[in-house]
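Below is a short briefing on one protein model. It is meant to be read with the sequence and the coordinates open.

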Amino acid sequence: MASPLSLRWGVGRRQSVSQMGERREAEKALRQALVRACHRLAELGLTHGSSGNVSVRRDGGLFITASGASLSTLGEDDVVAMRQDGSWRGAARPSTEWRLHRDLLAARPEIAAVVHTHSTYATALSCLRAPIPPFHYMIAVAGGSDIPCAEYATFGTEALSQAALRALEGRMACLLANHGVVVLGGDLDEAVARAYEVEILAKQYAIVRSIGAPVLLDAEEMDRVARLFAGYGRHRRAEDESDGR
Ligand SMILES: [Zn+2]
């Protein structure tokens, strides 16, 4: 799953190719892609201070941002290579939320990237401990007719990882009660784009809640939207293939 992403990001950025094996080269490209994704999340205003962490699938495990690292200034040295059993090597410690990332990547073979942030509006709504309902058709970017909210559990715990896994059944994004938001993606670009969309939806919903009670879209309409989204995805993939990417 990592190879198409690695190839896409790797173009023009290879260093010392002759001295590195193919796998090392791909891993380096993936590490760099993770750094760029973190910078993009910071540019989009989805993180502050050292909040937020990101991971991407690699052979035998994942790359994850280091504990305490600021996503805006994150460098390659702040990316930790972790095995599926949770072990890692090197000076940098993985994010305290490494269980969340590892368990989601293990449980959801169709995804390759996980973004967790404390983005302002999604986090504010997470304190209501309720899903974001279908007040707008774009809710479908989360994979269904709402953005669920996982039960509360202390940060960094196995309980939080399990709560997120349950909330994310059939979904690509969920709120974490009194904490923040988790977003999944087939690759890093997709996860970052979805994280931004979810934060905009959260902002819109917070505004709606402040001025009145929204009229919600019904299940039939959300089913129609889901079918249109699925068709749009196929169209986009066909375009990508015709571009030779
Ligand atoms: Zn957090």
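Arg129 sits in the loop that connects helix 4 (120-126) with strand 5. The model is predicted, and in it the phi angle of Arg129 is near 50°, a positive value in a residue that is not glycine. Most residues other than glycine have a negative phi.

**Loop residues with positive phi**

- Arg129 has 13 C-beta neighbours inside 10 Å and therefore counts as partly exposed.
- Asn178 also has a positive phi near 50° and is not a glycine.
- The loop that holds Asn178 lies between strand 6 and strand 7.
- These two strands form a hairpin with three residues between them, and Asn178 is where the positive phi near 50° occurs.
- Is Asn178 exposed or partly exposed? Asn178 counts as partly exposed because 14 C-beta neighbours lie inside 10 Å.

**Overall make-up**

- The protein contains seven helices and seven strands.
- Along the sequence, these elements follow the pattern α-α-β-β-β-α-β-α-β-α-β-β-α-α.
- Of the 245 residues in the protein, 38% are buried.
- Among contacts with a separation of 6 or more, 62% are between residues 24 or more positions apart.

- Seven strands make an open sheet in the order 3-2-1-4-7-6-5, and the pairing is mixed.
- Strand 3 (79-83) and strand 5 (149-150) are the edge strands, each of which pairs on one side only.
- Strands of a sheet pair through backbone hydrogen bonds, either parallel or antiparallel.
- Strand 5 pairs with strand 6 in the parallel sense over two bridges, and Ala150 stands opposite Leu176 of strand 6.
- Strand 6 (residues 173-176) and strand 7 (residues 180-185) run antiparallel and are joined by four bridges.
- Within that pair, Cys174 has Val182 of strand 7 as its bridge partner, and Leu175 has Val181.
- Strand 7 also pairs with strand 4, in the antiparallel sense and over five bridges; there, Val115 is bridged to Val183 of strand 7.

**Burial of strands 6 and 7**

- In strand 6, Ala173 and Leu175 point one way while Cys174 and Leu176 point the other way, and all are buried.
- Six of the six residues of strand 7 are buried.

- Helix 2 (residues 22-43) lies across strand 1 (53-58), strand 2 (61-65), strand 3 and strand 4 (113-117), and runs at about 155° to strand 1.
- Helix 3 (residues 98-107) packs on the sheet as well, touching strand 1, strand 2, strand 3, strand 4 and strand 7. The direction of helix 3 makes about 145° with that of strand 2.
- Trp98, Leu100, His101, Arg102, Leu104 and Leu105 are the buried residues of helix 3.
- The elements covering these buried residues include helix 5 (158-167), along with strand 1, strand 2, strand 3, strand 4 and strand 7.

- Helix 6 (residues 188-211) has 24 residues and, at 1.5 Å a residue, should span 34 Å; its end C-alpha atoms are 35 Å apart, which agrees.
- The buried residues in helix 6 include Leu188, Val192, Arg194, Tyr196, Val198, Glu199 and Tyr205.
- The axes of helix 2 and helix 6 come within 10 Å and cross at roughly 10°. The two helices are therefore roughly parallel to each other, since angles under 35 degrees count as such.
- On the helix 2 side of this contact are Ala33, Leu34, Ala37, Arg40 and Leu41; they meet Leu188, Val192 and Ala195 in helix 6.

**The nonpolar core**

- The largest nonpolar core has 63 residues.
- Which residues have the most contacts inside this core? They are Leu34, Ala164, Ala173, Cys174, Val183 and Val198.
- Apart from neighbours within four places in sequence, Leu34 is in contact with Val54, Val56, Phe63, Val79 and Leu188.

Conventions:
Residues are numbered from 1 along each chain as its sequence is written. This is a predicted model: local features need pLDDT of at least 70, side-chain atom pairs count only at pLDDT 80 or more; totals for chains, interfaces and linings use all residues. Two strands pair if DSSP finds at least two bridges between them. Two residues are in contact if their C-beta atoms, placed from the backbone, lie within 7 Å. Axes are lines fitted to C-alpha atoms, for helices over the stretch in contact, and angles run from 0 to 180 degrees between N-to-C directions. The expected span of a helix is 1.5 Å times one less than its number of residues. A residue is buried if 20 or more other C-beta atoms lie within 10 Å of its own, exposed if 12 or fewer, and partly exposed in between; C-beta atoms are placed from the backbone. A nonpolar core is a set of buried Ala, Val, Leu, Ile, Met, Phe, Trp, Tyr and Cys residues joined through C-beta atoms within 7 Å. Angles under 35 degrees count as roughly parallel, over 145 as roughly antiparallel, 65 to 115 as roughly perpendicular and the rest as oblique.
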